[in-house]
Amino acid sequence: MTNADCGCNMANQKDRTWTARQLMAVLVLLALLPYALAQAQDYTHQEYTRQATTAPQVDDIGGDYALPEVQQSLPRSVWLQGLDVILLIAGMGAIAYAVHRGRRRWVITVVTLGSLAYFGFYRQGCVCPIGATQNVAASIVDPELAVPMVVLVFFLLPLLAALLFGRVFCGGVCPLGAIQDVVLLRPMQLPAWIDRWGGLFKYVYLGLAIWFAVLPAEQRDFIICRFDPFVGFFRMTGVAWLMGLGVALLLIGTVIGRPYCRFLCPYGGLLAIVSRFSFWPVSITPDEELDCGLCVDSCPFGAIEDLRAKRSTCLACGRCFAHCPRQQLKWGQIELVDIENLVSEQKPASDPATAKAAK
Ligand code: SF4
Ligand code: SF4
């Protein structure tokens, strides 16, 4: 593992020099800007037509056919779309603050519950960047298709936040992550190889989702939305087998932290790629690394590797902070002398060099 893979950084995050990879990531995101502006222009020039006025009318159909009053819901007002964006930014901002400055998990818990209520049950899982991946992919190949600005913003902002601060969207703003987080009762550690190999499946799913989204309009399918295992809970209705899958994932999620996020979420795959370049990744310790290994089993998502939070898989949940003696010292929970005792007790077992020598 390289420094770029983990929260480990030279001089404990004091080195702020941009690496070539980070610069490249910024350029890639900037390259998306013309696309975003073009989409915005396309969308604002499109007239909204209700299907009720364009579909075959009663006279065309004949018989006793009665035209339903509403065949397509009205678009959400601009103000309410703005509210969605503001809450998205506020949620990610609060989590970025909580993991980088405040280092308080209760803030993340509050955001998690708020997002579950608003983006989950109130907004019924829509708009969401996971599904937006398909809209964006389809609009790139189909000039007839324009993506609503709010969808585009929801797709891009969590990626930008991941580039800056790590996966703060996953920390508690995403309703799919939130619903799995609240059921996590007794997390157990999985062997690292399960995360490594099982985690590849989300990239396969991402590839399939893009493939189906870019097919010609008549064959196009948005499989991420079609097979979303949790949206049925938010809408209180859904296909039986899909609701069953959601229940199964939540039951598994009581002991295995966020199975959908770790193994299935296609947008999580994109976030994992972007967060590898993040400028201020999550670090378990507030300042100087101790390498004592006390945090090693604290992560329910298998994101601690070689005593560091791994950038691509760390979900910015803040659970590991409380296990760090340096953090406890900052909070005034222990004295300096306790740190030395804890470190000397733990070091022989956790020191990678000692472990290697023992093998
Ligand atoms: S991995 Fe996917 S489902 Fe999980 S929190 Fe992140 S975006 Fe949401
Ligand atoms: S517990 Fe794991 S996922 Fe949560 S912040 Fe720490 S390393 Fe990241």
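Colleague: What is the mean pLDDT of the protein?

Modeller: The term pLDDT is the predictor's confidence in each residue, from 0 to 100. The mean here is 84, and 82% of the residues reach 70 or more. Over residues 1-15, however, the pLDDT is below 50, and this stretch has 33 contacts in the model beyond near neighbours in sequence. Two residues are in contact if their C-beta atoms, placed from the backbone, lie within 7 Å. For residues 352-359 pLDDT also stays under 50, and the model has two contacts there beyond four places in sequence. Where pLDDT is low, the predicted coordinates should not be read in detail.

Colleague: How many helices and strands does the protein have?

Modeller: Helices (H or I, at least four residues) and strands (E, at least two) are DSSP runs, numbered from the N terminus. The protein has 19 helices and two strands. Of the contacts with a separation of 6 or more, 76% are between residues 24 or more positions apart.

Colleague: Which residues does the UniProt annotation "transmembrane region" cover?

Modeller: According to the unreviewed UniProt entry, that annotation covers residues 78-99, 106-125, 145-166, 200-217 and 238-257. UniProt positions are given in the numbering used here, feature names are shortened, and annotations may be inferred rather than shown by experiment. In the model, residues 200-217 are 72% helix and 0% strand, with end C-alpha atoms 29 Å apart. Residues 238-257 are 65% helix and 0% strand, and their end C-alpha atoms lie 24 Å apart.

Colleague: At what angle do the axes of helix H11 and helix H16 cross?

Modeller: Two packed helices are described by the angle between their axes and the distance between the axes. Axes are lines fitted to C-alpha atoms, for helices over the stretch in contact, and angles run from 0 to 180 degrees between N-to-C directions. The axes of H11 (residues 201-213) and H16 (residues 266-275) cross at roughly 110° and come within 7 Å. H11 is therefore roughly perpendicular to H16. Angles under 35 degrees count as roughly parallel, over 145 as roughly antiparallel, 65 to 115 as roughly perpendicular and the rest as oblique. The crossing of H11 and H16 is left-handed; a crossing is left-handed if the near helix is turned anticlockwise from the far one by less than a right angle, and right-handed if clockwise. Among the H11 residues that meet H16 are Tyr 205 and Leu 206, and the H16 residues they meet include Gly 269 and Leu 270.

Colleague: How far apart are the axes of H6 and H11?

Modeller: Their axes are 8 Å apart, and the helices pack at an angle of about 45°. H6 is therefore oblique to H11. Thr 133, Gln 134, Ala 137 and Ala 138 of H6 make the contact with Ala 209, Ile 210 and Ala 213 of H11. H6 passes H11 in a right-handed crossing.

Colleague: Is Ser 275 buried or exposed?

Modeller: A residue is buried if 20 or more other C-beta atoms lie within 10 Å of its own, exposed if 12 or fewer, and partly exposed in between, with C-beta atoms placed from the backbone. Ser 275 lies in H16 and is buried, because there are 30 C-beta neighbours inside 10 Å. Beyond four places in sequence, its contacts include Arg 311 and Ser 312. Ser 312, in the loop between E2 and helix H17 (325-330), is also buried, with 24 other C-beta atoms within 10 Å. In the whole protein, buried residues make up 37% of the 359 residues.

Colleague: What is the phi of Gln 124?

Modeller: Most residues other than glycine have a negative phi, and most peptide bonds are trans. Gln 124 has a positive phi, near 55°. Gln 124 is placed in the loop between helix H5 (105-122) and helix H6 (129-141), and is partly exposed, with 15 other C-beta atoms within 10 Å. Leu 307 has a positive phi near 65° and lies in the loop between strand E1 (304-305) and strand E2 (308-309). Leu 307 counts as buried, with 21 C-beta neighbours inside 10 Å.

Technical notes:
Residues are numbered from 1 along each chain as its sequence is written. Chains are lettered from A and ligands numbered from 1 in the order in which they are written. This is a predicted model: local features need pLDDT of at least 70, side-chain atom pairs count only at pLDDT 80 or more; totals for chains, interfaces and linings use all residues.
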